[in-house]
Amino acid sequence: MTTPAVFAGLGPKLKAQYTAALKAGSLLFTESDVVELDDEDIGIPFEVRYAPALAKKPTKADGKGTNDDDARPADKPADPFAPPYQQDLFVAEETVKEDDDDSGESFAILLNKFCVTPRHFLLVTKEFRKQTTPLSPLEVFTAWSVLKQLGAREKHLAFFNCGDESGASQPHKHLQFIPISNGMAPFDSFIDAHKPAKPQTPFQLPLPYANFTALIDPPSSASRPDLVSYLGQRFVELLDLMIDHRRRLSLSDPAALGLDADASEQPTRGIRLSDMSYNVVLTQRYLHLVPRRREKYLTARSSLPVSINSLGFAGMVLVKDERALDEVKEVGVLEVLKQVGLPPLDIVDAHLGEDGNELA
Ligand code: AMP
């Protein structure tokens, strides 16, 4: 017997629910203009989305709550991802099991209430789990299965903002998904051009910030338990590289981590995974992880804040202010990403063993 697909029939449900929610006014779609900013040196076709209407929206930093505008007592922030769900935004729910003996994990799919891209949706855990916990193998598998299923009709990209400096605003664990309009995410070709000879080796792209990528190419005959473990392993390899990177930076460039060069205890500070901020981009073909130094880029001339989340590291930056847009155009997206990421260390070190051979 074949294992049923995860969230079977999701594509049509998403489309129908999105149209209904928009019509009912339960979902706020913000218009934006997309400016293509190809980086001439490395050839990544960055996209900068300009959405002036968002400049009026209160943010977490304003002390006016998160990006949900429902009135609520100040001492009791509502959890928009906890049941009962706002019916118009609810798309599906399912308990995903690794195998028949597994009790599994339950997820819901909700439409993003404040979207800039049509059919932006979220995969949330039904039980409350902290956004600062790393993705479990079953969570990576569920997200990848959703991408795979939707990808038969329309390619999507998933992302996970983790930690205070990652651009995350909701503490309840969630991954987000957006359709890729032309079927190619901005980093796809760059990743293809730099993939290592051994596809199972995680690698660092030659970029001015630390980044780690694992290709996803499971055997077509892999069973569900094999897939769960394969995808979980790919993700853990990236976390492992990030932890090692931060450890080496704490010794060679502590200021990059915001550490005091004289503090004797500093190599152990901020070492808990749940204290680290990072972004994850997931497509059907790769996992890409970027450790974060800070959430906001401040423009060089006017010190205007530009908040960057995982989508920035997928090549898509959102700006709400015309002056900020002009200044981002002047410096280029890569410079923005460099300022909010961590300095890279020797690319060779990041994926080679001590003997200089690629890690198996
Ligand atoms: P992040 O800011 O990365 O934590 O992502 C949270 C996402 O949830 C944002 O894209 C918000 O637009 C979205 N959001 C906020 N409140 C709600 C809500 N009540 N229902 C659905 N989506 C929401």
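Are Tyr209 and Phe313 buried or exposed? Select the two residues in this predicted model: both Tyr209 and Phe313 are buried.

**Aromatic pairs**

The structure contains 4 aromatic pairs. A pair of this kind is described by the distance between the ring centres and the angle between the planes.

Select Tyr85 and Phe90 next. Their ring centres are 5.7 Å apart and their planes stand at 10°, so this pair is stacked. Tyr85 and Phe90 are both buried.

Return to Tyr209 and Phe313, which form an edge-to-face aromatic pair, with 5.1 Å from centre to centre and 70° between the planes. Tyr209 belongs to the loop between α3 (188–193) and β10 (212–215), and Phe313 to helix α5 (residues 310–313), so the pair ties together parts that are 104 residues apart in sequence.

**A charge over a ring**

Display Tyr230 together with Arg234. Arg234 lies over the face of Tyr230, at 4.9 Å from the ring centre.

**The ligand and its surroundings**

- Asn112: a polar side-chain atom lies 2.7 Å from an oxygen atom of the ligand.
- Asn161: a polar side-chain atom lies 2.8 Å from an oxygen atom of the ligand.
- Lys113: here a backbone N or O atom lies 3.1 Å from a nitrogen atom of the ligand.

Taken alone, the ligand exposes 500 Å², of which the protein buries 93%.

Conventions:
Residues are numbered from 1 along each chain as its sequence is written. This is a predicted model: local features need pLDDT of at least 70, side-chain atom pairs count only at pLDDT 80 or more; totals for chains, interfaces and linings use all residues. Side-chain values use heavy atoms; hydrogens and water are left out. A polar contact is a pair of N or O atoms within 3.5 Å; within protein, one must be able to donate a hydrogen and the other to accept it, and residues adjacent in sequence count only if both atoms are side-chain atoms. Accessible areas come from the Shrake-Rupley method with a 1.4 Å probe; for residues, only the protein chains shown count as cover. Rings of Phe, Tyr and Trp (its six-membered ring) pair if their centres lie within 6.5 Å; planes under 30 degrees apart count as stacked, over 60 as edge-to-face and the rest as tilted. Buried means under 20% relative accessible area, exposed over 50%, partly exposed in between (1.4 Å probe, protein chains only). Helices (H or I, at least four residues) and strands (E, at least two) are DSSP runs, numbered from the N terminus. A charge sits over a ring if NZ of Lys or CZ of Arg is within 6 Å of the ring centre and within 35 degrees of the ring normal.
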